[in-house]
Amino acid sequence: MAHLNYNHLYYFWMVCKQGSITQGADKLCLTPQTVTGQVRALEQRLNGKLTKRNGRYVEPTELGQLVFQYADRMFGLSYEMLDIVNYSQQENILFDVGVADALSKRLVSQVLLHAVPKDNAIHLRCFESTHEMLLEQLSEHKLDMILSDCPVDSTQQAGLFSVKLGESSMSLYSSNPAEPPDVPLPIRLATQKILMPSKATAMGRKLTQWFDQQGIVPNILGEFDDSALMKAFGISHQALFIAPTTYAEEVTRLGQAIQITELSAVKEEYYVIFAERMIQHSAVKRICEADYSHLFV
């Protein structure tokens, strides 16, 4: 049997993963014409059509799906091999972590402390983005682990696993309450503006659902993807803002804000998400096996 050109196979695999010749070419830093030619060369080698158009997108044919499944396993293993080789050759283990921007940075930092060994022999790199973008980067082997506010669906994301670390109730805070402490929440929310997590985040959706269940229509001043920015804005403004209940002691002690009320039914959940190849990684094991009972309330 004649030798298979694995570059051609890699280009075809990338096109299928990205869903179009153009996006695949962007990922490969090549022109669409070059990628098209390479895919056609692979089709000639395999004596069959591998892709078909579906509107503006490209999808594999029946033969293409078979080839893609094998290619996906092959290149997935190659990325895994490179990761393991890189880890074994570095004095300080490189550990790339993605953090969902909606999560409390204070709690995330406490979780990440468990990734650091006693001898500090680790090179920690943290990246912040949305849950969806981080999952894409994890599936492309650009990240080793994700900290997020929602789990991964293993039936939809093959080879990815999630472990729940804990959950924290949320509270409303204000640096300058417009009403006395005994004013009922619906009245307070009708007279004082609130800062909300955006509806693109799990917490934003939970909070919106809770308000609907309580028959409360919040007077929204702003919506934020980034929880740290929302907290900083809230401390500088008299609007209400939401943050984990564990913040209460800290913000009160520093005189930044006061806790208005605890929303005990609204929980922020913390999950660690990683690929199968990372199950035995020492940093992942330390994070998954740590005791967080002091951290989550």
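The model is predicted: local features need pLDDT of at least 70, side-chain atom pairs count only at pLDDT 80 or more, and totals for chains, interfaces and linings use all residues. Residues are numbered from 1 along each chain as its sequence is written, and side-chain values use heavy atoms, with hydrogens and water left out.

Select the sheet. Strands pair if DSSP finds at least two bridges between them.

Next, select β5 (145-148) with β10: they pair in the antiparallel sense over four bridges. Met-145 has Phe-274 of β10 as its bridge partner.

Stay on β10 (258-275) and pick Tyr-271, which lies in this strand. Tyr-271 counts as buried because its relative accessibility is 11%; buried means under 20% relative accessible area (1.4 Å probe, protein chains only). Its contacts (heavy atoms within 4.5 Å), not counting residues up to four places away in sequence, include Asp-149, Pro-151 and Val-163. Asp-149 is 122 residues from Tyr-271 in sequence, yet the C-alpha atoms are 6.0 Å apart.

Finally, select helix α8 (202-214; a DSSP H or I run of at least four residues). Its buried residues are Ala-202, Met-203, Gly-204, Leu-207, Trp-210 and Phe-211. What covers them includes β6 (160-174), α7 (185-191), β7 (194-197), β9 (240-244) and β10. Gly-215 follows α8, with a positive phi near 70 degrees.

Definitions and conventions. Helices (H or I, at least four residues) and strands (E, at least two) are DSSP runs, numbered from the N terminus. Buried means under 20% relative accessible area, exposed over 50%, partly exposed in between (1.4 Å probe, protein chains only).
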